[in-house]
Amino acid sequence: MPHTHYAASAKTQGAKKSIGKKSAGKKSAVSQGANKNFSKKGYKSNRNPFEYQGNRKNNEFNARKARNRKADKARSRAREKALQYEEIAIQEAEQDFGKRDLKKRDFDFDNRNMKKSRDSRHNRHQTSRQQPTTIDTESSIKKNLEITKNSVMIPDTAVESRENYSDDVTFAQLGVPEPLVNVLRADGKNTAFPIQQATLPDSLKGANILGRGRTGSGKTLAFSIPLVARLAENFVDLINSGRTSRKNKNREDSNIPAPHAMILAPTRELVHQIDEVIAPLAAAYGMHTVTIYGGVRYQRQIAPLKQGAQIIVACPGRLEDLLKQGALTLENIEVSVLDEADEMADMGFLPAVTRLLEQTNPNGQRMLFSATLDKQVAAIVNRFLPNAVVHAVDDADSQVDTMTHHVFGVSAGDKYEVLRKLASGKKRSIFFTRTKYQAKNMAKKFISQGIPAVDLQGNLSQNQRDRHLAVFSDGLVRVLVATDVAARGIDISDVALVVQTEPPEDPKSFLHRSGRTARAGESGDVVTLVLPNQKRMAHTMLRRAGIHAKAEDVKPDSPVLQEIVGDLADLQEGWSMPEPEQPKRRGRGRSRGRGRSRDFHSSRDSRNGLRKRALRTA
């Protein structure tokens, strides 16, 4: 008896040969009657169930998957090599850049002699091969720290000391127009800060400005004054155009709104802060501003544009959305300002900023201001700020003289009690957390303990964020628990205490968090809480930030906490967020339905009651 496998194989081979001869003629007939044959009883398939049928599709899929894995590995290896080469190139460029003697006014990013840099690197490699290197490890570490701290964007020759500026220089002496001087005087601002004294003489003449000043140094006013002054000087006709557009706002006009000045900022809160500073200055010349950011209706921002707003203060994302809708054009932008450019780079806004600046007038004035300037924004500076005048008041890591730093080591069990102790005083304070959930949860815990507090984090709507910030700035609540959304641009006076519940990840975040206090010459304390497993990371971060505060372990009853808190505030049990005042709605008339007033319904009920009584008596 033959083997079953071979018998089955021979049978199928013969069946295939016989079927192959007949398949050409019966192909159409089989396709037409396939469904009928399957429906008939007793239909048998020619396929042998014992024969191995290889899955060709699976084999191809597996082969393609293996090729993709190999390609991914090759790309990852190439990417790693590229990153290594890029790091080496950046280090060599930083060393070459630091050796060059650059003057402040002749600082040009485009005129770089690449041939000389290559020759210098070649000569340096040859000398290093000939002579053995005996470099101390400590000196190399210090050198690397200096490179990371001193930004490659600002040469050492451009760093100016605050001692070069006096405290009694008025805005009129710097060339600020008289209408703006009157507005500033009415707000109690008579003398200029160092960053304003350094930049205003050049910015009022129309020069491109690259400015760096520590937090709370008056950078917003440093670019707001020249922006309004330049518009009022060179574009007097835009005031009349704005008035005519407001008169004809009900008439359909085919012209697209074309503002004349643009300020870009990374967050909505910073947009509001800038608008509060620049709006009174613009009103002195009859100009208007409009804020553009996400989280609100488009029509709320399109309407002021159609009414002739000349200055836009915007976040890059929403501004691009309005441009795609055709709500405005940037062709007439003559003055552009980038505020906190490094933060926009960290948030991934640089491509959008590049696309926006490409649509502005290439011959217009551009200014870039930030507390820290690093190589991330070098591409923007090289392309859009040629021959920029560089002003850097103090180093990037310089600390405010009126700011006191405290580094406290706490255990996980005592951490919340220490935080509650710091929040129990009468001082206005900001607590920074790492996540949105931590901010929301900590504010709830403070409220349950009788300490009124509000949170400021990304999960809140724009109306909620505005309400919480208004309650804190008006003094109704003295504790604000926030994420890094409040670390930039939140300019609230009398913030005496900043508490970092965890050490921030980088020195830049530490700098901007700390800058919410000790602003405009006021004093303030900055407290950083460190758990035992965070000590090494916190020590490295503080050293890179230039903070030399001595760390000490504390408990909730430590006397140093009482010294920082000061007088204790009264506890408010059962406190809740005050409800916003709702505007009165206009009635729809008394003719029908919902428009009827309470008096109408009450009179109707009284008439029905009288009728019932009359029927009873009858």
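Modeller: Let's take α11 and α12, which sit roughly perpendicular to each other. In this scheme 65 to 115 degrees counts as roughly perpendicular, under 35 as roughly parallel, over 145 as roughly antiparallel, and the rest as oblique. Keep in mind that this is a predicted model, where local features need pLDDT of at least 70 and side-chain atom pairs need 80 or more, while totals for chains, interfaces and linings use all residues. Residues are numbered from 1 along each chain as its sequence is written, and side-chain values use heavy atoms, leaving out hydrogens and water.

Now the geometry. Two packed helices are described by the angle between their axes and the distance between the axes. Helix α11 covers residues 298-306 and helix α12 residues 316-324; their axes come within 12 Å and cross at roughly 70°. Those axes are lines fitted to C-alpha atoms over the stretch in contact, and the angles run from 0 to 180 degrees between N-to-C directions. The helix names come from DSSP runs numbered from the N terminus (H or I, at least four residues, for helices; E, at least two, for strands).

Who does the touching? On the α11 side we have Tyr298, Gln301, Ile302 and Leu305, and on the α12 side Arg318, Asp321 and Leu322. Contact here means heavy atoms within 4.5 Å. By class, that contact has four nonpolar residues, one polar and two charged.

Leaving aside residues up to four places away in sequence, Thr291 touches Gln301 along with Val271, Asp275 and Val313. Thr291 belongs to strand β4 (residues 289-292) and counts as buried at 18% relative accessibility. The cut-offs are under 20% relative accessible area for buried, over 50% for exposed, and partly exposed in between, with a 1.4 Å probe and protein chains only.

For comparison, here's a second pair. Helix α16 (residues 415-423) packs on helix α17 (residues 436-448) at about 65°, with the axes 11 Å apart. That makes α16 roughly perpendicular to α17. Tyr416, Leu419, Arg420 and Ala423 of α16 meet Met442, Lys445 and Phe446 of α17. That contact splits into five nonpolar, no polar and two charged residues.

Thr483 sits in the loop between β12 (479-482) and β13. Its neighbours, again without those up to four places away in sequence, include Phe432, Lys436 and Ala439. Thr483 is buried, with a relative accessible area of 9%.

How covered is α19? Eight of the eight residues of α19 (507-514) are buried, so the helix is largely enclosed by the rest of the structure. Even Lys508 and Arg513 are on the buried list. The cover includes α13 (341-346), β9 (403-409), β10 (428-432), β13 (495-500), β14 (524-530) and α20 (535-544). In the loop between β6 (335-339) and α13 lies Glu340, whose phi is near 55°, positive although the residue is not glycine. Glu340 counts as buried too, at 6% relative accessibility.

Helix α7 (residues 194-203) is mostly covered, with nine of its 10 residues buried. Asp202 is one of those nine, and its side chain makes a polar contact with that of His391 at 2.9 Å. Such a contact is a pair of N or O atoms within 3.5 Å; within protein one must be able to donate a hydrogen and the other to accept it, and residues adjacent in sequence count only if both atoms are side-chain atoms. His391 is in strand β8 (389-393) and is buried at 2%. In the loop between α15 (378-384) and β8 you find Asn387, another non-glycine with positive phi, about 55°.

Zooming out, the protein has 22 helices and 15 strands, and 43% of its 618 residues count as buried. Among contacts with a separation of 6 or more, 79% join residues 24 or more positions apart.

Conventions:
Nonpolar A, V, L, I, M, F, W, Y, C, P; charged D, E, K, R; others polar.
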